[in-house]
Amino acid sequence: MKSYGIFYVLAFVSDLARSKAFYRDKIGCKLSTDEPRVAGLALGDGYLVLHVDERDPKQRVYGGGMTVALKVEDAAAEHERLTKLRVPVSKLIDQPWGERNFTFTDPDGYVWLVAQSRGLS
């Protein structure tokens with residue numbers, strides 16, 4: 001199988017309007033699909049699908065099992081931007097494998113990684 005990157009990320013959300021506003025207004029996604037139970041947002045070459053969570057409460061698992069990494073040109077600048085918007089972010093870390101990254105958590109508890117490739121010296 002030839003890989004072309006992430007096709008889309010599907011996230012079940014408890015409040016569609018709140019999540020659309022968060023990803024559009026704070027993260028910078030462009031709303032391109034807006035339906036009563038689902039919204040699609042473009043972010044660079046990627047795509048995020050938000051779906052109202054109608055699953056049985058016993059099947060709901062937020063923030064576990066998967067991490068999506070967003071590639072940015074300047075992790076420090078993005079960290080500062082999100083901090084100013086009062087998005088809870090982790091400490092900015094220079095990883096030994098040549099990546100500068102941090103995490104943030106969305107309104108439903110999904111953890112996202114924001115990363116900049118810095119290369120190894």
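This is a predicted model: local features need pLDDT of at least 70, side-chain atom pairs count only at pLDDT 80 or more; totals for chains, interfaces and linings use all residues.

**Exercise 1. Find out how far helix 1 reaches from its first C-alpha to its last, and what flanks the helix.**

Step 1. Helix 1 covers residues 16-27, which is 12 residues.
Step 2. At 1.5 Å a residue the expected span is 16 Å, and the helix reaches 15 Å, close to that value.
Step 3. Look at the start of the helix: a side-chain oxygen of Asp15 comes to within 3.2 Å of the backbone nitrogen of Ala17.
Step 4. Now look just after the helix, where Gly28 has a positive phi of about 100 degrees.

**Exercise 2. Work out which residues of helix 1 are buried, and how they are arranged around its axis.**

Step 1. The buried residues of helix 1 are Leu16, Ser19, Lys20, Phe22, Tyr23 and Ile27.
Step 2. Looking down the axis, you will find these buried residues within an arc of 160 degrees, so they line one face of the helix.
Step 3. Take Lys20 as a test case: its relative accessible area is 15%, and buried means under 20%, so Lys20 is buried.
Step 4. Setting aside neighbours within four places in sequence, Lys20 is in contact with Leu31, Asp34, Ala39, Leu41 and Leu50.

**Exercise 3. Describe the largest nonpolar core and say which element gives the most to it.**

Step 1. The largest nonpolar core holds 22 residues, and those with the most contacts inside it are Tyr23, Ile27, Leu48, Leu50, Phe104 and Trp112.
Step 2. Several elements give two or more residues to this core, among them strand 1 (9-13), strand 4 (46-52) and strand 8 (111-117).
Step 3. Helix 1 gives the most, with 4 residues.
Step 4. For a closer look, pick Tyr23: beyond four places in sequence, Tyr23 touches Gly28, Cys29, Leu41, Leu48, Leu50, Asp106 and Trp112.

**Exercise 4. Classify the aromatic pair Phe22 and Phe104, and then the pair Phe104 and Trp112.**

Step 1. A search of the whole structure gives 4 aromatic pairs.
Step 2. The ring centres of Phe22 and Phe104 are 6.3 Å apart and the planes stand at 45 degrees, so this pair is tilted.
Step 3. The pair links distant parts of the chain, with Phe22 in helix 1 and Phe104 in strand 7, 82 residues apart.
Step 4. Phe104 and Trp112 are 6.2 Å centre to centre with 0 degrees between the planes, and this pair is stacked.
Step 5. Both Phe22 and Phe104 are buried, and Trp112 is buried too.

**Exercise 5. Decide for Val114 and for Arg86 whether each is buried or exposed.**

Step 1. Val114 sits in strand 8, and at 2% relative accessibility Val114 counts as buried.
Step 2. Leaving out neighbours within four places in sequence, the contacts of Val114 are Leu70, Val72, Glu78, Arg100, Asn101, Phe102 and Phe104.
Step 3. Arg86 lies in the loop between helix 2 (75-84) and strand 6 (93-94).
Step 4. With 75% relative accessibility, Arg86 counts as exposed.

Note on methods:
Residues are numbered from 1 along each chain as its sequence is written. Side-chain values use heavy atoms; hydrogens and water are left out. The expected span of a helix is 1.5 Å times one less than its number of residues. Buried means under 20% relative accessible area, exposed over 50%, partly exposed in between (1.4 Å probe, protein chains only). The arc is that of the directions from the helix axis to the C-beta atoms. A polar contact is a pair of N or O atoms within 3.5 Å; within protein, one must be able to donate a hydrogen and the other to accept it, and residues adjacent in sequence count only if both atoms are side-chain atoms. A nonpolar core is a set of buried Ala, Val, Leu, Ile, Met, Phe, Trp, Tyr and Cys residues joined through side-chain atoms within 4.5 Å. Contact means heavy atoms within 4.5 Å. Rings of Phe, Tyr and Trp (its six-membered ring) pair if their centres lie within 6.5 Å; planes under 30 degrees apart count as stacked, over 60 as edge-to-face and the rest as tilted.
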